[in-house]
Amino acid sequence: MKAVVKVKRGKNNIEIHEVEKPLCQDNEVLINIKAIGVCGTDYHIYTDEYDTVPPLIIGHEFSGVIAEVGKNVKGFNVGERVISELSVQSCGVCRYCKTGNPQICLDKKAPGTHINGVYTEYINMPAALVHKISDNISFEEAAVIEPAAIVAHSLLQRTKIEPEDFVVVIGPGPIGLLAIQMAKIQGARKVAIVGTDIDKDSRLKIAEGLGCDYIINASAEDPADIIYELTEGLGADVVVECSGSTPGINSGINMLRKQGRMCVIGIPGPEKIHIEWKKAVIKALNIVCTFSSSPLSWNWVISMLDRKALNLDSIISHKEPLERYEYIFEEISKGNVIKAVLLP
Ligand SMILES: [Zn+2]
Ligand SMILES: [Zn+2]
């Protein structure tokens, strides 16, 4: 089968290779991959800013159809449409695994970063991680469930958005656009998005289409001023920080009310950043940093998609054959991509 392989460290060094189709072990299912989500992590493997041990098939967001069922596996059949969580080789016995958080198990090895991933035609996954999806959900949407599960875990499980919260999302990338939808589903009173000039004609327009109540361009106006005006001087109940930038994080601290909650999803770059910590302490903020997604959040997102509460098509800006991965990475470097899906 064809696979997109990071062959050695250094910028790019990614090639299409002919590789062996993986074998289906007794507790696994073999999945014929139908759609692949292109994640920021894949791009950072391409630019070599992400630590990997090549050679490695890249990619971790995907959907497909069961091609083979291991002999110990019950409840799955060939031909069923599926997706899979990524906590492959989590130990099952540590504190994190035993409390429903295998995604942060110290032994976890995930496809596309530690072990062979999904930019190919087939992958074998432990049946315990696999979820069936209904015909209501397209393969393209299903390939984007992983980032949606990150947002569900961060907003609904960790930060616990409450009904009537005034929520501000900072950073209108795919995670931010999903956060708008998730806050609405949970009954937020109003949702505002903060972007900059470069988002004006694309991402902020999509946010508007998703029913976001207030669109704020931080290049033209001070987001904190606007939020105080909209909340009668109180400040936001919740800020979802998706930018990972110093101005984004500090603006979030500034616009929150006392005892407000900050949900931190955006990952900053390698440079040290200056955070207005004193302001956060004096306002008694709850700052919740989140990473990856729990098994429960996958169940939630599948259900939301099934009943059409969540619109993942809205964030997919590109669909291309798998061979066009390099074109997509180039488009990402120019800032033209919201979310891309590759088709093997
Ligand atoms: Zn991802
Ligand atoms: Zn563990």
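The model is predicted, so local features need pLDDT of at least 70 and side-chain atom pairs pLDDT 80 or more, while totals for chains, interfaces and linings use all residues. Residues are numbered from 1 along each chain as its sequence is written, ligands are numbered from 1 in the order in which they are written, and side-chain values use heavy atoms, leaving out hydrogens and water.

**Zinc ion (ligand 2)**
- Cys 91, Cys 94, Cys 97 and Cys 105 each coordinate this zinc ion through SG, at 2.3 to 2.4 Å; donors are N, O and S atoms within 2.8 Å of the metal (3.2 Å for Na, K and Ca), and sites may look incomplete because water is not among the atoms.
- The arrangement is tetrahedral because the four donor atoms subtend angles of 105 to 117 degrees (four donors count as tetrahedral if all angles lie between 85 and 135 degrees).
- Along the sequence, the donor residues are spaced C-x2-C-x2-C-x7-C.
- Cys 105 is buried, at 6% relative accessible area (buried means under 20%, exposed over 50%, partly exposed in between, with a 1.4 Å probe and protein chains only).

**Zinc ion (ligand 1)**
- Here the protein donors are Cys 39 (SG), His 60 (NE2), Glu 61 (OE) and Glu 146 (OE), lying 2.2 to 2.6 Å from the zinc ion.
- Their spacing along the chain is C-x20-H-E-x84-E.
- Cys 39 and Glu 146 are both buried.

Notes. Tetrahedral: all angles 85-135°; square planar, octahedral: opposite > 155°, others 65-115°.
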